Amino acid sequence: MPTPLHRRPELLAPAGTLDMMRTAFAYGADAVYAGQPRYSLRVRNNSFGQLDTLAAGIDEAHAAGKLFYLVANIYPHNAKIRSFEDDMAPVMAMKPDALIMADPGLMMMVRERWPETDIHLSVQANTTNYASVRFWQSMGVKRIILSRELSLDEVAEIRDACPDMELEVFVHGALCIAYSGRCLLSGYFNHRDPNQGTCTNSCRWDYKLHEAGEDGAGDLQARGNTPIGNPRDAGAVGTATRSKLDTVQGLALGGGPRHIGGSKVWLLEEGTRPGELMPIEEDEHGTYILNSKDLRAIEHVQRLVEIGVDSLKIEGRTKSPYYVARAAQGYRRAIEDAVAGRPFDPRLLGELEGLASRGYTDGFYQRHSTPEHQNYLRGHSESGRSLLVGEVVGWDAARGLAEVEVKNGFGVGDRLEFVQPGGNHELLLDRIVDANGDAVTRIPGSGRRVWLPLPPGADPAQPCFIARFL
């Protein structure tokens, strides 16, 4: 075995359900994080809101020698402060390995009531420099989750200045369009406050842009109740939209409706709200209300390992078990290669292309990519693209066939990849048997169960997802 050149960082994966947690551990995660619904930013799609489920998750993690972190990272209003200690008492009795927190008041309450509890500072706290790291260290915080807005060089500077503080960074998952997740968009549109855990992901809705006309904001406001015709005429925006225009421009300019010189006013139309046109502004830098690409920094794992980052974090508590399996497996391999001194395997880029995403970016880690580097990334991504088509849920040893729950369509002649914790295996599919035992050539879509042969080397005792190469 080669001698490790660097310390191995923790691989931290999301867990919105017990199934996700088990999958994350099976595919290489060292730890998971889950939200306490009333006090985290993931109220929806979170089965750990049930205390018995949360207790089962923590117990299973510890029995497997893994870690379970609990997220309590809201900035609460007074009502939640009053209920915090009573709500958290039974949770703290379960002994989560750390609380991920952002609000100083809540942290103070935890330090006073449960002084033995480790606290990890959430990315919501926007820690961007070593002075802030030292401050939080003096407050007894064990780990800092650094802001997503930092470059690799800035992360290295913080590590050099704070050698005895645990540091965690995000390497994969959705990027909020606001600064480190402090977004007001959902609250502005429909009174669902992202910073209280009820974000509706407004930045990811389907939007269309229309010009407001030559006279810009003034023209829009003057004609607010005229019937709509051509969207470029900016008609029928109505009282609600005019109020939004006042609000947006008042926030931006500190006064009433104005049109900034050198900028252009556009009207935004969301797919489920036809005819409700909302004003935004575009200047020479672009417009900022549309969604971001997702973070994929697997090509930077080697540098992060060399820097000495303690934990590499995957975002996605509301995603699927396949997402966490594929992401954990890929980053596990990248970590092991980096620790052993092996070069980065660019095939890992393509293996992540099969996950649902808005396209990928490496965020702020590398400020300017060279054209050669961009082509390199795209080429390997295209060659490895795949789509989840099924999950193995049973095994018939007598027939030598695996029972598969179908997620997407596939057929005889497709090249499939069987994704397992012990390694992946490819198969050119030559046989499909339906639930009645009949041979079929194609399965059109989800909601069915079929039987497939496993490729040589695949282990029927291991979890298995099946992807089709595109």
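## A right-handed β-α-β unit

Strand β6 (residues 143-145), helix α6 (residues 152-161) and strand β7 together form a right-handed β-α-β unit, right-handed meaning that, with the strands pointing away from the viewer, the path from the first strand over the helix to the second runs clockwise. The model is a predicted one, in which local features need pLDDT of at least 70 and side-chain atom pairs count only at pLDDT 80 or more, while totals for chains, interfaces and linings use all residues. Residues are numbered from 1 along each chain as its sequence is written, and side-chain values use heavy atoms, with hydrogens and water left out. Helices (H or I, at least four residues) and strands (E, at least two) are DSSP runs, numbered from the N terminus.

In α6, the residues Leu-152, Val-155, Ala-156, Ile-158 and Arg-159 are buried, where buried means under 20% relative accessible area, exposed over 50% and partly exposed in between (1.4 Å probe, protein chains only). Because these residues cover an arc of only 160° around the axis, they are on the same side of α6; the arc is that of the directions from the helix axis to the C-beta atoms. Among the elements that cover the buried residues of α6 are α5 (130-138), β7 and α10 (301-307).

## Strand β7 and its partners

Strand β7 (residues 166-173) is mostly covered, with seven of its eight residues buried. Strands are taken as paired if DSSP finds at least two bridges between them. β6 and β7 run parallel and are joined by three bridges, and Ile-144 has Leu-167 in β7 as its bridge partner.

β7 also runs parallel to strand β12 (residues 311-314), to which four bridges join it; here Glu-168 has Ser-311 in β12 as its bridge partner.

The buried residues of α4 (104-113) are Leu-106, Met-107, Met-109 and Val-110. Seen down the axis of α4, these residues fall within an arc of 160°, so they line one face of the helix. They pack against β3 (67-72), α3, β4, β5 and α5.

Asp-103 has its place in the loop between β4 (98-101) and α4, and it counts as buried because its relative accessibility is 14%. Not counting residues up to four places away in sequence, Asp-103 touches Ile-74, Tyr-75 and Pro-76, contact meaning heavy atoms within 4.5 Å. Asp-103 and Ile-74 are 29 residues apart in sequence, and their C-alpha atoms are 6.8 Å apart in space.

## Two loop residues with positive phi

Most residues other than glycine have a negative phi. Lys-95, in the loop between α3 (78-92) and β4, has a positive phi near 65°, and with a relative accessible area of 52% this residue is exposed.

Asn-126, found in the loop between β5 (119-121) and α5, likewise has a positive phi, near 60°. At 15% relative accessibility, however, Asn-126 counts as buried.

## Aromatic pairs

A search of the whole structure finds five aromatic pairs, where rings of Phe, Tyr and Trp (its six-membered ring) pair if their centres lie within 6.5 Å, and planes under 30 degrees apart count as stacked, over 60 as edge-to-face and the rest as tilted. The rings of Phe-135 and Trp-136 have centres 5.1 Å apart and planes at 70°, so this pair is edge-to-face. Phe-135 counts as partly exposed, at 43% relative accessibility, whereas Trp-136, at 13%, counts as buried. Tyr-27, Tyr-322 and Phe-465 form one aromatic cluster.

## Confidence of the model

The protein chain has a mean pLDDT of 82, and 77% of its residues reach 70 or more; pLDDT is the predictor's confidence in each residue, from 0 to 100. Over residues 284-288 pLDDT stays under 50, and for this stretch the model has six contacts beyond four places in sequence. Where pLDDT is low, the predicted coordinates should not be read in detail.
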